[in-house]
Amino acid sequence: MYNLMNPRYHDQKSRTLIYCRQPNLSLLKCSFKALKKFKTFTHPLSHYPFPQNIYTKTKSSQRTRIFSKNTHIGCVMDSGFLKMLRFNLVFMVLLCSWVCLCSGSVSYDHKAISINGQRKILISGSIHYPRSTPEMWPDLIQKAKEGGLDVIQTYVFWNGHEPQPGQYYFEDRYDLVKFIKLIKQAGLYVHLRVGPYACAEWNFGGFPVWLKYVPGISFRTDNGPFKAAMEKFTRHIVNMMKAERLYETQGGPIILSQIENEYGPLEYELGAPARAYTKWAAQMAVGLGTGVPWVMCKQDDAPDPVINTCNGFYCDYFSPNKNFKPKMWTEAWTGWFTEFGGAVPYRPAEDLAYSVAKFIQSGGSFINYYMYHGGTNFGRTAGGPFIATSYDYDAPLDEYGLKREAKWGHLKDLHRAIKLCEPALINGDPSIITLGNYQKAYVYKYKTGGCAAFLSNNNRAAYATVSFQNKRFNIPPWSISILPDCKNTVFNTARVGAQTALMKMMSAGSGFAWQSYNDQTESYDDNSFTTVGLLEQLNVTRDFSDYLWYMTDVRVGSNEGFLRSGKWPTLTVQSAGHALHVFINGQLSGTVYGSQENPKVTFNKPVNLRAGLNKISLLSIAVGLPNIGPHFETWNAGVLGPVVLYGMNEGKRDLTWQKWSYKVGLKGEALSIHSLSGSSSVEWIQGSLVTQRQPLTWYKTIFNAPNGNEPLALDMSSMGKGQIWINGQSIGRYWPAYKARGSCSTCSYAGYFDEKKCLKLGGTPYGISLVKRGVYSVCADIYEWQPSLMNYEMQASGKVTKPLRPKAHLSCSAGQKITSIKFASFGTPLGGCGRYSEGGCHAHNSYDAFNKLCVGQQSCTVPVTPEIFGGDPCPKVMKKLSVEALCS
């Protein structure tokens, strides 16, 4: 399912335009169903052109009401200059007092973060603003608050905000200031992870690709060009936050900031230059004077006063590097990301709650769920490579912004229990009492007489009955009971009180009327260039497209042995990834693709070359740029070679260092045919002639937005691989043909969790829409005098003395009938089923027999003989019959 949530998907008449590109031969029909959630928020004053939620048209009366609200204050200040002056003076004094009262301080000690001098146990959740739409933000933030969160945490995405050097973008889904102000309006705090390296399964880890081409740069180490660019962007973000008065010390919601991200493992690998870089980054960040603490996650040597924090599935074992710093967990992984070709991971709510309670009982005071709402990797923002468009992450709020029950409700109950213990947790240190082999009590007492206890059973298989405070407690396996008064259990992590909801996708309308356009598989134009040898893909595309054409010519002499033997030569192409289509003289010869674990690919197949000049066209496809690892500046993609032909007279022919021509992207991309304006620049095929199962095919359709306020999705399960646009805005990549690997079995919450423990293959049966699957069309390709088993058996039995003419047999599924003949040609037709065309020889009465014998029937048989098609259209030429009939 693919998210379509945005009001700009609608024009004035609430009609929506879909484009989907299908660059893979394995792609199935594009007649997918609109099944997605359709949220009817109205936002009359703003427009957000990025895809996710679709909303209904704004009414003018709503616009009027909002403007009247904005001007209402002015309407009451009209009773004379003196009265107005007196009002303004009072208003100014009150405003000043309000500002002074709302500004505050943020500090920390070994127990917790303190806001305005008050220690707090802080529950946080990650919501990445570009992975949802501005219309969704208020609802997501409110559900987070309702779920017991105090803080919203987000990365800042450098490549989204500075797509070109010095050119900044902070609009629509990237309106960071608006996002933070909405959090403030909800009464929550913000943890701003400036980075500016994000990782986050985001394209290139959040770095802009242009950064790779800064002279002399080396990423994330003691390198002058990199540090200069990083500091410039960090200062830009901090100065923007200051200008908008968004830090807590200014009356804003930002209480924490992060510099760098998960750098510790990389520092260990790179050594002294990396340690110098860590020290520099910390000093640079602190020197910016934000008035709030800075953190570094997974950075054991974070320089003071920066706080080092933990990321992982479990962090109870973690301790900060100084005893005056609080114990913080910046990423408690609620699930895991999904990759194309991979199963969908999920994390049981019981284990997630257990891990959080275990962290809190051991002295933790800040925990952030990564993710609380994962959202969608719109456009080409997914990294990896091979990270899927959905970034659902099995989060408490699902990809569409709906509550994932029981996880959301179970965590809400956990948060309530923790907050009941807060006075004891922030004022006392735990006494640890052993209750059994796997059982312990963590008891917090403070001077006023309060007490809170956590009773844990770390046994994965057995219940435990323990005695505590002269009472007996029964604790399930792998669970923690929380006692805010050291007497009564209010919550156990393995006992889910919240309801469970099984979600399903329901049909939201009828099928679409598609039009198609076939992109070019070989062409030279003003945008192509030629050079000797093979070029690295990113150096050419600069990531403006997933696609790069590598094109070269191969001349084959008439004396080549394979032309007589019929044994085609083998073409070997080695590529750094991530997927590759190979075209020989405009015809697809094969496709190979890698995986997240091994993105490199090798094409090694026989290819059909002819005498004379042959065109080899290699379409290299990137599926997101890597987001983690050292030396970003050295990463490669595309065809790096060698490219070799084997089976030639000379043995092998190395094509690596001959002349190659290059073209970035597809023709349809260059023409922007996915946009409302660019769509008219090409001729679209419609009706029964729409292309199916063809590589490099664009499809478009127009549909009316359905009624209702549910999120709207597109079910792309009938397709192979491609991208989707709604009214010119990119939804993202799809690849349902890349089937999930692994196994699916019952998953127990008990025992340590990792990303491969609990998997789902292909989703849940409740996500399958109730649709009928039937045959769309049937085809036959029969040559004159083509042998058949029936012919052989009859001759062998002596029932006939001479060969019989072959027959074309067509049959639709039971309950279907042949409704029309899409194509019929007796002669030398070209192409295959779904993409036939007439050749140089064609019997003009080819359709007649099929219209007479087949239309209206469930099945039919037509002899392949010249007489039935009006005579021989080209004597002494071997002919065949090609026919395609539509079934309904």
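## Crossing helices: α6 and α8

A crossing of two helices is called right-handed if the near helix is turned clockwise from the far one by less than a right angle, and left-handed if the near helix is turned anticlockwise. In this predicted model, helix α6 passes helix α8 in a right-handed crossing. Helix α6 covers residues 224-243 and helix α8 covers residues 272-286, and their axes come within 11 Å of each other while crossing at roughly 25 degrees. Angles under 35 degrees count as roughly parallel, and α6 and α8 are therefore described as roughly parallel to each other.

On the α6 side, the residues that meet α8 are Phe226, Lys227, Met230, Glu231 and Thr234, and their partners in α8 are Tyr277, Trp280, Ala281 and Met284. Sorted by class, the residues of this contact comprise six nonpolar, one polar and two charged.

## The protein as a whole

The protein has 888 residues, of which 55% are buried, and its secondary structure comprises 16 helices and 44 strands.

Helix α9, which runs over residues 349-361, packs against helix α10, residues 407-420, at an angle of about 20 degrees and with the axes 9 Å apart. The two helices α9 and α10 are therefore roughly parallel to each other, and α9 passes α10 in a right-handed crossing. The residues that α9 brings to the contact are Ala349, Glu350, Leu352, Ala353, Val356, Ala357 and Ile360, which meet Lys407, His410, Leu411, Leu414 and Ile418 of α10. The residues of this contact of α9 with α10 divide into nine nonpolar, one polar and two charged.

Helix α3 (residues 137-146) and helix α5 (residues 176-185) have their axes 10 Å apart and pack at an angle of about 40 degrees. This angle makes α3 oblique to α5, and the crossing of α3 and α5 is right-handed. Here Trp137, Pro138 and Ile141 of α3 make the contact with Lys178, Phe179, Leu182 and Ile183 of α5. By class, the contact of α3 with α5 holds six nonpolar residues, no polar residues and one charged residue.

## Aromatic pairs

Aromatic rings are taken as a pair if their centres lie within 6.5 Å, and by this rule the count comes to 53 aromatic pairs. One of these is formed by Trp478 and Tyr752, with 4.8 Å from centre to centre and 85 degrees between the planes, an edge-to-face arrangement. The pair links distant parts of the chain, 274 residues apart: Trp478 lies in the loop between β20 (471-475) and β21 (479-483), and Tyr752 lies in the loop between β38 (729-734) and β39 (759-760). Trp478 counts as buried, at 1% relative accessibility, whereas Tyr752, at 44%, counts as partly exposed.

Tyr593 and Trp735 form a pair with ring centres 5.1 Å apart and planes at 70 degrees, so the pair is edge-to-face. Tyr593 is partly exposed, with a relative accessible area of 37%, while Trp735 counts as buried at 4%.

## The loop between β9 and α6

Asn203 has its place in the loop between β9 (189-195) and α6, and with a relative accessible area of 6% this residue is buried. If neighbours within four places in sequence are left aside, Asn203 is in contact with Asn159, Arg380, Thr381, Ala382, Gly383, Asp543, Gly624 and Leu625.

Tyr213 also lies in the loop between β9 and α6 and counts as partly exposed, at 23% relative accessibility. Apart from neighbours within four places in sequence, Tyr213 is in contact with Leu538, Asn539 and Arg542. The C-alpha atoms of Tyr213 and Asn539 are separated by 8.7 Å, although these residues stand 326 residues apart along the chain.

Terms used:
Residues are numbered from 1 along each chain as its sequence is written. This is a predicted model: local features need pLDDT of at least 70, side-chain atom pairs count only at pLDDT 80 or more; totals for chains, interfaces and linings use all residues. Side-chain values use heavy atoms; hydrogens and water are left out. Axes are lines fitted to C-alpha atoms, for helices over the stretch in contact, and angles run from 0 to 180 degrees between N-to-C directions. Helices (H or I, at least four residues) and strands (E, at least two) are DSSP runs, numbered from the N terminus. Angles under 35 degrees count as roughly parallel, over 145 as roughly antiparallel, 65 to 115 as roughly perpendicular and the rest as oblique. Contact means heavy atoms within 4.5 Å. Ala, Val, Leu, Ile, Met, Phe, Trp, Tyr, Cys and Pro count as nonpolar, Asp, Glu, Lys and Arg as charged, and the others, Gly among them, as polar. Rings of Phe, Tyr and Trp (its six-membered ring) pair if their centres lie within 6.5 Å; planes under 30 degrees apart count as stacked, over 60 as edge-to-face and the rest as tilted. Buried means under 20% relative accessible area, exposed over 50%, partly exposed in between (1.4 Å probe, protein chains only).
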